[in-house]
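Trainee: I have a chain open on my screen, and I would like to learn how to read its features one at a time. Could you take me through it slowly?

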Amino acid sequence: MISFPIVVPVKTFGLAKQRLSGILEPSERAALARSMLLDVLNIVASATLPSNVIVVTSSPEASDIAKSLDMLMLHEAACSDLNSAIEAASRHMIVQNAGGFLMLPADVPEITIAAVHQAFAALEQSRSLVLVPAISDGGTNLLACRPPQGIRPEFGTMSFARHLAAGERAGLACHVLNSPELGRDIDSPDDLARFLDRRTSTLTDRLLRSLGRDLGVAARCVPPGAAMAYETQFVSDGNPSEERREYIR
């Protein structure tokens, strides 16, 4: 199976998860960001060689974690946003003559080895784009591209549709990976409550339950069922809606 570098952009922990400020203290939000990063890095280290993982960050603590796991670190300016970090990583891939790359956010603690392997398998085809939609807001929770400069990253709310359209305009073979585990990030109190309902074996779950209060009753930021509506919209139809689009189950 082909293997390209895996890029994980990481915010400074103290600035992460501001939307959870109503239910978590600053130190708790920082601990949550750290735990989610460790869950992600532990999985990708099992899916590929640690030296094949690049953590893009301005955070000294995130850098130390990457180094402790024998992963590479690409420093970014503290003021950079996610798209700037991905573009910097893409330029790095070109300089290093990497044929492609796979990007994962640091807040998908339910990530699985199987999902990473599926994404790499889809990249066997040259000029390919692999995407996983974020269930809660239509964002993008995995982007793998071959070549690395195939499309310009446009992360944010509803970015999945923008990335898919960009890939089709660029003539890339577009693959949509059906991975509910990767589709679930933790951004809002509602995301956090649903995550706790699933009772996973992650470090993130263990941390949240150790805080000494019932976070499962946190106020929900989206109406019940809205997240599932995104999931149905993006992955319910097994037939490609475009000639160059494939849904991977």
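Mentor: We will go from the whole chain to its cores, then to single elements and residues. This is a predicted model, in which local features need pLDDT of at least 70 and side-chain atom pairs count only at pLDDT 80 or more, while totals for chains, interfaces and linings use all residues. Residues are numbered from 1 along each chain as its sequence is written, and side-chain values use heavy atoms, with hydrogens and water left out.

Trainee: How many helices and strands are there in the chain?

Mentor: Helices (H or I, at least four residues) and strands (E, at least two) are DSSP runs, numbered from the N terminus. By that reading the chain has 9 helices and 8 strands.

Trainee: What percentage of the residues of the chain count as buried?

Mentor: A residue is called buried under 20% relative accessible area, exposed over 50%, and partly exposed in between, with a 1.4 Å probe and protein chains only. Here 52% of the 249 residues count as buried. As for contacts, which are heavy atoms within 4.5 Å, 65% of those between residues at least 6 apart in sequence join residues at least 24 apart.

Trainee: Which residues touch the most other members in the largest nonpolar core?

Mentor: In soluble globular proteins, nonpolar side chains tend to be buried together. A nonpolar core is a set of buried Ala, Val, Leu, Ile, Met, Phe, Trp, Tyr and Cys residues joined through side-chain atoms within 4.5 Å. The largest one in this chain has 37 residues, and Leu37, Leu41, Val44, Leu104 and Leu142 touch the most other members. Among the elements that give it two or more residues are strand E1 (6-10), helix H1 (26-47) and strand E6 (140-146), and H1 supplies the largest share, 8 residues. A second, separate core has 21 residues, including Val56, Ala85, Ile86 and Ala166. If you click on Leu104, leaving aside residues up to four places away in sequence, you will find that Leu104 touches residues including Ile6, Val44, Ile111 and Leu182.

Trainee: Which residues of H4 are buried?

Mentor: An α-helix has 3.6 residues a turn, so residues three or four places apart point the same way. In H4 the buried residues are Ala115, Val116, Ala119, Phe120 and Ala122. They cover an arc of only 160 degrees around the axis, so they lie on the same side of H4; the arc is that of the directions from the helix axis to the C-beta atoms.

Trainee: How many residues of strand E7 are buried?

Mentor: In E7 (residues 173-177), 5 of the 5 residues are buried, so the strand is largely enclosed by the rest of the structure. Both faces are covered, with Ala173, His175 and Leu177 buried on one side and Cys174 and Val176 buried on the other. Two strands pair if DSSP finds at least two bridges between them, and E7 pairs in the parallel sense with strand E5 (residues 128-133) over 4 bridges. One place to look is Val130, whose bridge partner in E7 is His175.

Trainee: Where does Pro147 lie, and what is the peptide bond from Arg146 like?

Mentor: Most residues other than glycine have a negative phi, and most peptide bonds are trans. The bond from Arg146 to Pro147 is cis, with omega near 10 degrees, and Pro147 lies in the loop between E6 and helix H5 (159-169).

Trainee: Which value does phi take in Asp70, and in Arg199?

Mentor: Phi of Asp70 is positive, near 65 degrees, and Asp70 lies in the loop between H2 and strand E3 (72-75), where it is exposed at 58% relative accessible area. Phi of Arg199 is also positive, near 50 degrees; Arg199 sits in the loop between helix H7 (189-198) and helix H8 (203-209) and is exposed at 61%.
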